[in-house]
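Here is a quick walk through one model, written for someone who would rather look at side chains than read tables. Keep the viewer open and follow along.

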2 protein chains.
Amino acid sequence: MKVTKKIVLEEHDMPTRWYNIVADMPNKPLPMLNPTTKQPTTKEEFEVLFSKGAAEQEFSTERWIDIPDEVRDLYRIYRPTPLVRASGLEKALDTPAKIYFKNESVSPVGSHKLNSAIPQAYYNKIQGIKHLTTETGAGQWGSALSIASKHFGLDLTVFMVKVSYEQKPYRKSVMHTYGATVIPSPSMTTGIGRQFNQDYPNTAGSLGMAISEAVEQALNQPDTRYALGSTMSHVCLHQTIIGEEARKQMEIAGDYPDIVIGCFGGGSNFAGISFPFMRDNLVNGAKTRFIAAEPASCPKLTRGQYAYDFGDAQGVTPLIPMYTLGHGFQPAAIHAGGLRYHGAGSYVSQLAHDGYIEGRDVNQLDAFKAGILFSQAEGIIPAPESTHAICVAIQEALKAKEEGTEKVILFNLSGHGLIDMASYDRYFAGDLNNYIVPQELIDENVNDLMKL
Amino acid sequence: MKVTKKIVLEEHDMPTRWYNIVADMPNKPLPMLNPTTKQPTTKEEFEVLFSKGAAEQEFSTERWIDIPDEVRDLYRIYRPTPLVRASGLEKALDTPAKIYFKNESVSPVGSHKLNSAIPQAYYNKIQGIKHLTTETGAGQWGSALSIASKHFGLDLTVFMVKVSYEQKPYRKSVMHTYGATVIPSPSMTTGIGRQFNQDYPNTAGSLGMAISEAVEQALNQPDTRYALGSTMSHVCLHQTIIGEEARKQMEIAGDYPDIVIGCFGGGSNFAGISFPFMRDNLVNGAKTRFIAAEPASCPKLTRGQYAYDFGDAQGVTPLIPMYTLGHGFQPAAIHAGGLRYHGAGSYVSQLAHDGYIEGRDVNQLDAFKAGILFSQAEGIIPAPESTHAICVAIQEALKAKEEGTEKVILFNLSGHGLIDMASYDRYFAGDLNNYIVPQELIDENVNDLMKL
């Protein structure tokens, strides 16, 4: 046995704090703005929609934030997660690169999303909230918030993007098993949902639309708050437990990554694996590269505008300083439902603007091809979202082979694809395409934005 | 944090040997018989169908059998698996019992089946075999053998029980992703398949039928062997890694089980969790109880006959001394496809006959109810098969509560149910029933058997 395959940590090695990267950013992100007054959004405004705990963290500039005991208690169901040496993939590629991945697919819902669902449900619970609403794309976030809500005794309504609701019926069943209510979006349940259905009668739905619906319902119901699965700074914060664990594990492995890769929807799993290592770039002058793997059909970092834009499709959230394709942008119905989001979180956007993060577009067919190679080499069938990160890891490993360098590559396996097998079926059947966004579609959606 | 949630082992703590319980059995099982000559089956006869390695182990009386390095190497993708304290379930039941489960669902195919698939593929590979055939019920075994075959460069054809092929399409997709060929059984591909289709035109299929097809194809193709996913002694042997790990982990936890529970199809996952602890009963006079949780619709241990019977539906395998419902018995189309098998392996049968194992029947609806309680309490949605073990664990935990005793209960979570969500959907929709087998159906199928 040549290399250790997995680095596992004991429960007592689980990090006790999340890392808040804003404390170390050389250029702080611009504030979110109230869309009516154009003044910076206040924490109090934020608390109308989110839990007090989430609001506190969204505005915090503290470097380290303690993870509550009740949250760590529930994290222990699946955390710490393994760091795995992708020795099978290295062999298949015949590369001198060392490839590691953090296996977040071992969580009971099969993805990293529980890392934020647990604290978000917890902060609502201790505040006395009774009901939560949320959106979900592929269903990973909705599944995660369902089990966390059940644990803390909260009712949950999930607006699930229609195309995913149809493509991934099992995710809906998972949410039902955990006791949540699931509604395909755009729905006829909310005012804005009815409006979307009228304006775009054949729409596949989008995360932006589902967010608008969930926000409307949260604002119109007593004792209700909204919870978001990505993008916001407090969500990215919660996900840093991934990278903090990975730091310890890489140290045990005796390696340090030259390149860190995550797939990119709103940015939270990417932030989770990246920020704890990026600290060394910001503070110690390390030169690690951070690559955000986004779908070519939704290329906010590589082809979007850095501007103030809304987080939802209707335009009710605060204006966020973000790389965006415009909140009216409707991404093609690719199977990586979790990556179909028009914008990037403000911390990630500022860091990308400052050159700490590279975006890279990945075509759908290349992503599936990478996912199948990975499945056969490592045994784990990845989620369609995660195949984007794998694809970039393979590109970099092949580049290292060309150059004859022993690069250390780390990527986040954000989730497994066992509930996404219908997507693999369609790939094998030759039913899937690449979707390259026409420039005019981007232009028309970002034209009116307040550029930064 | 009151109790340690998970006991994890390092890779170097993984057992290096499988435990062969036959060495310690007070009454050795009767030999398998050649159905034509009625003489004991020889190892050479066995090698016509199975790999030499499997044949060697099937007939071995050695107590310990070394796990080859190449097998341990691949085990490390997911092993050692965690031992988990079911503290959420204990709380939900308000029981003084301590409940532990071994989490075999963390394997990339979501179940314990890889534990035998890897060595079986390996032994075929080193012997120069090119093709494998097998059967699968719910698809767990087929998925496992697919990835193991891919790793060792073997072609694989899987005959999948028709009802599962239709109920669980994602499992078929998993096998495709790993490169296997999947055929619904009974098929028109084999002679016996065509015969079954003619004799039982509306059959849901059965494991026994699928085995007959896989055996026929293996015998009629060059460089081909057959691999079986349960029942046989070499399969039970491979699964003992579950219990050997669990012994180390229970020791770390500072507990020893009073009751060990596994769901029961052919017996391999049950043997896997049980045999290493049963050694203490056989050798040291320990009094641990071992409960085999079988579906009420396929009750071989509680209502079957102890007799010589065939392993397949057609009657081509050796005669096996087993608890059986008759090889012609066609179980109802319950959703725990992996438990729809008419017989029990010979070691388990002898041990049950000698009073070391209790069978317990579980109704389908009780099993699903237990599975949902477990999902909400522990976060993991169990496979329909595993819900049978959970149901018995709950029964025993509630009994401990009644008696006010602090029993230590250990069960094997053989797999997760993320690919079985359609079954949960049907349960929630009220579409599922209990199936209690009429006595005359058992009687007519065991009437002609050679009783023991």
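## Strand β15 of chain B

Start with β10(B) and β15(B): they run parallel and are joined by three bridges. (Two strands count as paired if DSSP finds at least two bridges between them; strands are DSSP runs of E with at least two residues, helices are runs of H or I with at least four, and both are numbered from the N terminus.) Within that pairing, B:V260 has B:L410 of β15(B) as its bridge partner. Strand β5 (residues 98-103) of chain B also runs parallel to β15(B), joined to it by six bridges. Here B:Y100 is the residue bridged to B:L410.

How many residues of β15 (residues 408-413) of chain B are buried? Six of its six, so the strand is mostly covered, where buried means under 20% relative accessible area, exposed means over 50% and partly exposed is in between (1.4 Å probe, protein chains only). B:V408, B:L410 and B:N412 point one way, while B:I409, B:F411 and B:L413 point the other way.

## Ground rules

This is a predicted model, in which local features need pLDDT of at least 70 and side-chain atom pairs count only at pLDDT 80 or more, while totals for chains, interfaces and linings use all residues. Residues are numbered from 1 along each chain as its sequence is written, chains are lettered from A and ligands numbered from 1 in the order in which they are written, and side-chain values use heavy atoms, with hydrogens and water left out.

## Two copies

Chain A superposes on chain B by a rotation of 180 degrees with 0.0 Å of shift along its axis, at an RMSD of 0.0 Å. The two copies are thus related as by a two-fold rotation axis. The same surface serves both copies, as 100% of the contact residues of chain A recur in chain B; contact means heavy atoms within 4.5 Å.

## Rings and charges

Over all chains, a search of the whole structure turns up 33 aromatic pairs. (Rings of Phe, Tyr and Trp, the last by its six-membered ring, pair if their centres lie within 6.5 Å; planes under 30 degrees apart are stacked, over 60 edge-to-face, and the rest tilted.) One of them is B:Y256 with B:F277, edge-to-face at 5.7 Å centre to centre and 80 degrees between the planes. This pair links distant parts of the chain, 21 residues apart: B:Y256 is in the loop between α11 (233-253) and β10 (259-263) of chain B, and B:F277 is in helix α12 (residues 268-284) of chain B. B:Y256 is partly exposed at 33% relative accessible area, whereas B:F277 is buried at 1%.

B:F368 and B:Y427 are stacked instead, 5.4 Å centre to centre with 15 degrees between the planes. They are 59 residues apart, with B:F368 in helix α15 (residues 364-378) and B:Y427 in helix α17 (residues 421-428) of chain B. In chain A, one aromatic cluster is made of A:F46, A:F50, A:F59 and A:Y226.

B:R17 lies over the face of B:W64, 4.3 Å from the ring centre, and the charged end of A:R85 sits over the ring of A:Y100, 5.5 Å from its centre. The test is NZ of Lys or CZ of Arg within 6 Å of the ring centre and within 35 degrees of the ring normal.

## A buried arginine

Now look at B:R279, in helix α12 of chain B. At 13% relative accessibility, B:R279 counts as buried. Not counting residues up to four places away in sequence, B:R279 touches B:Y19, B:D24, B:W64, B:E244, B:R247 and B:N284.

In both chains, look at the proline at position 80. The peptide bond from A:R79 to A:P80 is cis, with omega near -10 degrees, and a cis bond also joins B:R79 and B:P80, with omega about -10 degrees. B:P80 is in the loop between α3 (69-75) and β4 (83-85) of chain B.

Two residues other than glycine have positive phi values: B:K38, near 60 degrees, and B:D94, near 50 degrees. B:K38 is partly exposed at 43% relative accessible area, while B:D94 is exposed at 55%.

Notes
Least-squares fit on C-alpha atoms with pLDDT ≥ 70 in both.
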